[in-house]
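Colleague: I have a few questions about this chain. Let us take them one by one.

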Amino acid sequence: MATETFDKSFFITDPNAIKKIIEIIESEPEDNNQSEEVFVQEEIKRSEKILDKCLSRLKP
C-alpha cells in the first residue's frame, strides 16, 4: 500500500487559541503512574492464573 506524506503550513490567528496552545506546551504532563500500576497488578494476577493452569496439567 502506497502512502504519501506532506507538509502543510497553518496559521493560528485567534489570540485565545494561541494562549491555549502555549499553556498546553508549557504545562507538565499528567502523572499516569497509578493507572499503569493498576494495569501491571492486573496483568500479574492474570499471568499467575495462566501459569497455574499450565502447571496443573504437569502434575502426575
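Modeller: First, a term: buried means under 20% relative accessible area, exposed over 50%, and partly exposed in between. Note that this is a predicted model.

Colleague: Is glutamate 43 buried, exposed or partly exposed?

Modeller: Its relative accessible area is 31%.

Colleague: Which residue forms a salt bridge with glutamate 43?

Modeller: Side chains of opposite charge can pair when their charged atoms come close. Here the closest N and O atoms are 3.1 Å apart. Both residues lie in helix α2, three residues apart, about one turn of the helix. The partner of glutamate 43 is arginine 46.

Colleague: How many salt bridges does the structure hold?

Modeller: The pair of arginine 46 and glutamate 43 is a salt bridge. The total for the structure is one.

Colleague: Is lysine 45 buried or exposed?

Modeller: Lysine 45 sits in helix α2, residues 33-56. With Lys49, Lys53 and Arg57, Lys45 forms a surface patch of positive charge. Its relative accessible area is 56%, and the cut-off is over 50%, so lysine 45 is exposed.

Colleague: What is the area of the nonpolar surface patch?

Modeller: Phe10, Ile12, Ile18, Ile21, Ile22 and Ile25 make this patch. Isoleucine 12 is found in the segment before α1 (15-26). Isoleucine 12 is partly exposed, at 35% relative accessible area. The patch covers about 570 Å².

Colleague: What share of the 60 residues counts as buried?

Modeller: The chain has two helices and zero strands. It exposes about 6800 Å². The buried share is 0%.

Key
Residues numbered from 1 in each chain as written. Predicted model: local features only at pLDDT ≥ 70, side-chain atom pairs only at ≥ 80, totals over all residues. Heavy atoms only, no water. Patch = residues over 30% accessible without salt bridge, like charges linked within 9 Å, V, L, I, M, F, W, Y side chains within 5 Å. Areas by Shrake-Rupley, 256 points an atom, 1.4 Å probe, with all protein chains shown as cover. Salt bridge = Lys/Arg side-chain N within 4 Å of Asp/Glu carboxyl O. Lys, Arg positive; Asp, Glu negative; His and termini not counted. Charge placed at Lys NZ, Arg CZ, Asp CG, Glu CD. Helix = DSSP H or I, 4+ residues; strand = E, 2+ residues; numbered from the N terminus. Buried < 20%, exposed > 50% of the residue type's maximum accessible area, 1.4 Å probe, protein only.
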